[in-house]
Amino acid sequence: MSRLVWLAGWRHLLAQPGLAFLAMIGVALGVATATAVDLANQGALRAMRLSVEAATGKATHRLVGHPLGVPEGYYAAWRLLPNAPPAAPVIEGTIRVGDLPDPHSLTLLGVDPLAEGGMRPALGLKGQQALLAALMTRPDSGLLLEATADTLGLKPGARFQIEANGQKRTITLLGVIATQDPVAKQGLNATLLVDIGTAQEILGLSGHISRMDVILEPGRNPPLPLPAGVLLLPANDRIEVLEGLTRSFRANLTALSLLALLVGMFIIHNAMAFSVVRRRPLIGLLRAQGVTKAEIFRQTLLDGLMLGIPGTLIGVALGLLLGEGLLHLVARTIDDLYFRLQVTDLAPEPFSLIKGGVLGIGATLLASWLPAREAANAAVIAAMSRSHLEERHREAAPRWARIGVGGMLLALVVALVPSNRLEPGLAAMGLLTVSAALIAPWFTSWLMDRVRGPLVRIAGLNGALAAGGVQRSLSRTGTAVAALTVATAMVSGMGLLIHGFRGTVVQWLESTTVSDIYVSAAGTLSNADSIPLDPELIRRLSSLPGIASVGLGRRVNLETPEGVLRLHLLEIDYPRFSSLLLDQGNHAALWPRFQDDEAILITESLAFRRDLRVGDRITLPTPAGPHDFVIGGIHRDFRSDAGMITLSLNTWRRHWHDAQMSVLGIQLQAGVEPDAILNALRVAAGPERSLHLQSNRALRQTSLEIFDRTFAITRALRLLALLTAFFGVLTALAAIGHERVRELAALRAIGLTVGEIRRSVLLQTGLLGLAAGTLAVPLGMVQGWMLIHVINQRAFGWTLESHPDLWLVAQPLLLAIPTALLAGIPAARRMARTPPVEALRES
Amino acid sequence: MKPLFFWWIASVALIGGVAWRWLGPATPLAKPPAMEIHAALGAPTDPGFRQATTPRVFEFPADHGPHPEFRQEWWYVTGNLTSEDGQDRFGYQLTLFRVGLDSNPAKRESAWGASQLYLGHLAVSDVTGRRFHHFQKVSRGALGLAGADAGRVWLEGWSLARVGGTPEQPSLRLTAAQGSIELRLELNALKPVVLQGEGGLSRKSEQSGAASYYYSLTRLESMGEVRVGERVWRVHGASWMDREWSTSALAADQAGWDWFSLQLDDGWEVMFYRMRLKNGADDPQSQGTLVAPDGRVTPLPREAWRQESLGSWTSPATGIRYPSGWRVVVPEHRLELTLTPRLENQELSEAAIHYWEGAIGIEGRHAGVLVTGSGYVELTGYAASSP
């Protein structure tokens, strides 16, 4: 008997291939989005791990120091000890490849190939012995990964220009490293590998190395006491810190991708519900022949899987293709915001694919559950008419809506409960969205009651037909509206977040970039510290005519036992100081304390991450040992969501005995042309120096470009959700079309023209779009509010201002109606084309 | 039937395609080539290095120090030691190689800039414990990490320093520790330096310049401490030091060499080396030296001695098959000796190049009288001949 049931279901699916196809696409798109995001997240994580692994190798600890690094003499003394624990020196920095058409940034990695001794097998030095002598003895020479050399268009033996430490140099490419080792491929990607001496010369780091990687047996201390300012840190905490930093970013992406899957679920639900309705007579027949309820239930779920499994498989495959594109977007953002990361390729994690598969099949079963229950509960005599069913749906709609309203309220309460955790925020977002979907059928019906009157006045019978049609097929239209609502509200909510965020960043940039021109050296030192400018050069540049005032800054990444802390050193005047956006604290009161080493400032992200307040103390490692600094103020800064500490140069000099500065902010006298000064600065710097001169406007523009890049991935995800919803409407309309064949035939028979039928169908789909858009406007606004004030706040600790924008608020309407109309065109044409006689006879 | 069937087929094909693209056969990992010291460390073709072509006048102590105008150089100390109670025997080796990376190095700003590389091998043969311990170290001749002068040569914590004696008959202090082993030895030369070959010019093949400057301290009275694991022994015995510098590598037709240093208990020493050709024959330039108790030196041309190997040993670590045990006859000097490795496994299997360097025991007759002794044997270039 079950074979018969199975065959019956199967034949039924095949009877509507178009619908089956649409449902499959819906699942596929949802699964593809979720899988692609997961693959991209995993890929970025893997790339981060591999990069750290390549750089760390077998080291258990690293010794780091500030301001310059670890004295090289300490390293030599360590090596000379009898039975010294393995140790290898490292110098790391960033350089720019200058004379190529597209300037690239490369990591400069200096190691002692002789000291590696298997410390970092991934460096691939084992295969490079033939080049060892040249690497060690030829100044300004190095190796590149084969792929990197290809990207730069360089062959072994080539000479190329770089800019580093504010100087131009010509590097000879001694050879390329050809490797299949994934760790090496990731770790050496976009890296110029040089001898440690060469690195020291390129970065001007005389007497110091960036860090010393060592292998210490458990419980063993360094054999030599650490020099002042040098810290011993576990080697593997870097990856943990990085994973922690990027966790929120990745969680947000996952949440977005799950929304697309939710939209996909509506589609499969719609397709299954339709198939159950169509089969009611058949189900009745089967039940009359003794097929049990459980068998019918199982069979309907199985039918769902018949669509869901191929849809999921296509989705996973599509996700693999999409994943690569998304990976580059994710990696780019991580590279911009957190960690130098260049991803080589997507190595798909089988687990991601399995997850995608489980999600797709789970979603299918969930979406088929209600239709399956309905099928199982169908009366034995197939007497229940379609209209009766719709009536039941209309009756149920207010109940669903009440549950939806309850869910929304609960979501708001969850969102408003103060917490630092991201998960309740994401849960509230999900609950809000699902609740809105539950409200959709009732809302659609309610809206049709409201618009019927005006419609009849405008479009006559056609209007009444369209509004009535939407209400009559509420089981169909309700889900389509829900899908479209979720997708367009998401577009609007994300848009509001990005708009508000961007507006806040623009405001911040405008108020804090007060200088007209910024001067810095190209590249960075080890640990991404900025390169100090020669004090003599600073003096020379500052004394050029036309300059009103000068502020100095420097970025230092301080290694602390809690991870790397970004420090921002400032030597500025009061007007510049007062341009900092203080959330807590008062400029005038803080100014003398900031100058005199009494108080430091922290950014709100740091305050949020570490739960710090004004008056709290923060401990930083200084050459004289750990020192407590008092937090005098909390200011807003969007450069790093890891947080930043701002201190006066005076404070830095007192504790770290170092007064170098690396950024010169120049304010021009009134009426002086920036271009004239830019030229004068270039001349004053001399030809051999490579300085970065950026105007105020260019700096803001670069910052906003980075900002926009960060959100590029969300644009892709929004588009995918919208595309999925488009297929949702297509499915619903195809179903309605099949159901209304007879009704429309009757209308034709009583004299309606083809054009009138077509218009009526289009009007109906337009009404679907209107319903979805209208519901999505407030939903999008609430989502936008939640994203700005709950999700973003908890993920990154940033206070953003809402920048309401009519265009963004109205966006759901502007998207939903055209989407619905577009999806309606084929249905309208088909319905209008059906010859009435045939349709009437057939049924 | 058709559309759905099409979708099943299409999805299977799509997934198959993607899976093949991502999960398909990866290129196998290329094995890095084994390090060839002579080919790799420094360019053998660097014409700026001097060649050893003519005999030279040796000057001590200056010649104990480095000769950077030549590409490579070594300080090679081997010895046989016995514990104070006579119960335990040890062999040891400390070799420090200097390799010139560039004959005309560029001037460097960085203190790391180096034109010399130092490579060291340290080994202890724990004869009683039947264990062979060996380590390799490499460092650059910069930043005080490694270097040499007339009084000292060091590679990080391993060093050999001249602490007394006369320039030709010095006293040395040897210090080296790594992992489980440690050596602290005083070495007093009982005989002055022996210039090998033609007044110190030791030819290695027919080619001009394929030679080295070579002198030896053939008997160094040795005493001090050996640590293996947690245990420390007071030891005494005899050591041998070879000093050699050159720019040449093996000739194209040469496979490797067998080198023997024998210290007989009657006060005589014998050194000879056999340059093996790839065709299995001996290079005629193989030669040796006989040193009398009073320091008198007699050269041994190749035809002056006969040697035959008595067995072989295959390394479980590298699979290389080495000869093991020899019978050596020097008819003119009425020497008939049997050489037996104190341990079979004295292969430096974890060094950059694999070779066998081990302590041997000697039994035989010298001028008709029973004689015993100790020595060291070095076997190189057997890797190629192994299957």
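Which residues does Arg636(A) touch, not counting residues up to four places away in sequence? The legends below take up this residue after an overview of the model. This is a predicted model, in which local features need pLDDT of at least 70, side-chain atom pairs count only at pLDDT 80 or more, and totals for chains, interfaces and linings use all residues. Residues are numbered from 1 along each chain as its sequence is written, while chains are lettered from A and ligands numbered from 1 in the order in which they are written.

**Figure 1. Overview of chain A and chain B.** The secondary structure of chain A comes to 28 helices and 21 strands, and chain B has 2 helices and 24 strands; helices (H or I, at least four residues) and strands (E, at least two) are DSSP runs, numbered from the N terminus. Taken along the principal axes, the C-alpha atoms of chain A fill a box of roughly 95 × 60 × 50 Å. Of its 843 residues, 52% count as buried, and in chain B buried residues make up 45% of 387; a residue is buried if 20 or more other C-beta atoms lie within 10 Å of its own, exposed if 12 or fewer, and partly exposed in between, with C-beta atoms placed from the backbone.

**Figure 2. The surroundings of Arg636(A).** Arg636(A) is found in the loop between strand 18 (625-635) and strand 19 (644-648) of chain A, and it is buried because 20 other C-beta atoms lie within 10 Å. Not counting residues up to four places away in sequence, Arg636(A) touches Trp508(A), Leu581(A), Asp583(A), Thr603(A), Glu604(A) and Thr799(A), where contact requires that the C-beta atoms of two residues, placed from the backbone, lie within 7 Å. Trp508(A) is 128 residues away from Arg636(A) in sequence, and their C-alpha atoms are 7.9 Å apart in space.

**Figure 3. Helix 16 and helix 27 of chain A.** The axes of helix 16 (residues 474-512) and helix 27 (residues 806-833) of chain A come within 8 Å and cross at roughly 145°; axes are lines fitted to C-alpha atoms, for helices over the stretch in contact, and angles run from 0 to 180 degrees between N-to-C directions. Among the residues that meet are Leu484(A), Gly495(A) and His499(A) in helix 16 of chain A and Leu808(A), Pro812(A) and Ala820(A) in helix 27 of chain A. By class, this contact has 10 nonpolar, 6 polar and no charged residues, where Ala, Val, Leu, Ile, Met, Phe, Trp, Tyr, Cys and Pro count as nonpolar, Asp, Glu, Lys and Arg as charged, and the others, Gly among them, as polar.

**Figure 4. Strand 1 of chain A and its partners.** Strand 1 (residues 61-65) of chain A has 5 of its 5 residues buried, so it is largely enclosed by the rest of the structure. His61(A), Leu63(A) and Gly65(A) point one way from this strand, whereas Arg62(A) and Val64(A) point the other way. Strand 1 of chain A runs antiparallel to strand 11 (residues 230-234) of chain A, to which 5 bridges join it, and strands are said to pair if DSSP finds at least two bridges between them. In strand 11 of chain A, Leu233(A) is the bridge partner of Arg62(A). Strand 1 also pairs in the antiparallel sense with strand 10 (residues 211-214) of chain A, over 4 bridges, and there Arg211(A) is the bridge partner of Val64(A).

**Figure 5. An open sheet in chain B.** In chain B, 9 strands form an open sheet in the order 17-16-15-14-24-23-22-21-18, with antiparallel pairing. Strand 17 (297-301) and strand 18 (306-309) of chain B are the edge strands, each pairing on one side only. Strand 14 (residues 254-264) and strand 24 (residues 369-379) of chain B are joined by 7 bridges, and Val377(B) in strand 24 is the bridge partner of Phe260(B).
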